[in-house]
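Below are some notes on the secondary structure packing of the model under review. They take the form of numbered points.

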Amino acid sequence: MKTQVAIIGAGPAGLLLGHLLRAEGIDAVVVERQSPDYVLGRIRAGVLERVTTDLMERLGLDARMHAEGIPHDGFNLADGERLIRIDITALTGRQVMVYGQTEVTRDLMDAAPARGLEVIYEAADVALHNVESDAPSISYTRGGAEHRIEARFIAGCDGFHGPSRKAIPERVARAFEKVYPFGWLGILADVPPCNHELIYANHANGFALASMRSETRSRYYIQVPLDEKIEDWPDDRLWDELAVRLGPDAAAHITRGPSIEKSIAPLRSFVFEPMRHGSLFLAGDSAHIVPPTGAKGLNLAASDVVYLSDALIGYFRRNDADGVAGYSGRALARVWKSERFSWQLTSLMHRFPENGPFERRMQVAELDYIANSDAAQTSIAENYVGLPL
Ligand code: RFL
Ligand code: PHB
């Protein structure tokens, strides 16, 4: 098979890119290792910045998002008795949208056939070839047969564990990484949220987050050590711990219910440079990971795709290769700012096993500063709502 852009990975980055290219008449094929049900079963992001909602609007795939998503004007930072509300709308004039990554992915998936975007699911052994040439290709096996897709470019949208990043030789690359000594244990349950806005809580037992997917579906997280096992967290223990960490006011409004999903995700900051090598581009989690505290991962995938689709549309429609050459630098400038914000909010709101009383006083002093400074709140709000493209 021949196409213009071969896309590896049908997560948000790959599907958004495929749709943006098809909307400009550019041929693209997406190759995904998992089945559609598996992809939709992964419970991940919940908060969308304007960059992501704008993309769904540009594609004309925003009807369900606007009908079912919940715009939020603010969120809360809690520490003991203190609750600091960050009024993002008053401070920035903008909102964020609570609409699950699962739903974004479903909307993109459902629209693919009608828009001429071919997505090949359950493709095994995906491998990249000749990425330094103008005629790269990918090979994969499916149903026992071997297949090859020849393309002008490859977009590696295959997440942190995919093969694309590894196809960039070490001699031209540099990786930056920070691994945190804890993970987030998440629970999804069909119960009303305890608060109409998100609460990020710093408690002596560790961080907790109260989030939601809708008026009837809640998403909560707690910080746990990396060696913690899901089996050690039956629902009752998790609800008890959430009530302790979120504090009495929130606890009074927690509705308990059976978990419909429970999983542990490790926290990591990671950036890979460059994001293009020859005819291969990286976008989304394949090039960078942020800890989920800032709600930035999916939104960074979306901003990468805005830059990458600009570059590819310039190349194919206007014969202009400048965007291709500039992609990595443009994308990384925004990536590093989101890395900074996610790392800072993670440091402020979690309990680190290696930290002592001095670091704790630093957290308290910073929260005190934030509580009393419009400038500090504005800085948090403009980052949370999303920096300009
Ligand atoms: P994805 O979603 O991982 O998709 C990559 C796709 O590539 C496929 N793949 C392969 N396909 C073919 N061959 C191979 N060899 C392949 N290897 C992998 C995979 O099956 C998959 O379908 O990456 P993408 O598209 O870059 O999207 C990134 C986002 O998924 C991620 O950044 C966010 O989920 C991060 N994140 C959050 N982001 C936000 O913006 N807001 C949030 O509120 C938020 N909360 C979260 C999060 C991530 C979490 N976890 C579990 C990591 C909360 C959590 C708990
Ligand atoms: C979520 O609802 O899954 C969520 C919300 C905010 C975050 C991270 C995850 O910062």
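**Notes on strands and helices**

1. In this predicted model, His 277 has Leu 280 of β19 as its bridge partner. The strands concerned are β18 and β19 (residues 280–282), which run antiparallel and are joined by 2 bridges.

2. Both strands belong to an open sheet of 6 strands with mixed pairing, in the order β8-β2-β1-β12-β19-β18. The edges are β8 (118–120) and β18 (276–277); each has a single partner strand, so one side of each is left without a neighbour in the sheet.

3. Strand β14 (residues 199–203) runs antiparallel to β15, with 5 bridges between them, and Asn 202 is opposite Phe 207 of β15. The hairpin linking β14 to β15 passes through 2 residues.

4. On pairing with strand β16 (residues 217–225), β15 is again antiparallel, over 6 bridges; Ser 214 has Arg 217 of β16 as its bridge partner. These two strands also form a hairpin, with 2 residues between them. Of the 9 residues of β15, 8 are buried.

5. Helix α1 (residues 12–23) packs against helix α6 (residues 101–111) at an angle of about 35°, the axes being 10 Å apart. The crossing is left-handed. From α1 the contact takes Pro 12, Leu 15, Leu 16 and His 19; from α6, Gln 101, Thr 105, Leu 108, Met 109 and Ala 111. By type, 6 of the contact residues are nonpolar, 3 polar and none charged.

Key. Residues numbered from 1 in each chain as written. Chains lettered and ligands numbered in written order. Predicted model: local features only at pLDDT ≥ 70, side-chain atom pairs only at ≥ 80, totals over all residues. Heavy atoms only, no water. Axes fitted to C-alpha atoms, helices over the stretch in contact; angles between N-to-C directions. Helix = DSSP H or I, 4+ residues; strand = E, 2+ residues; numbered from the N terminus. Left-handed = near helix turned anticlockwise from the far one by under 90°. Contact = heavy atoms within 4.5 Å. Nonpolar A, V, L, I, M, F, W, Y, C, P; charged D, E, K, R; others polar. Pairing = 2+ DSSP bridges. Buried < 20%, exposed > 50% of the residue type's maximum accessible area, 1.4 Å probe, protein only.
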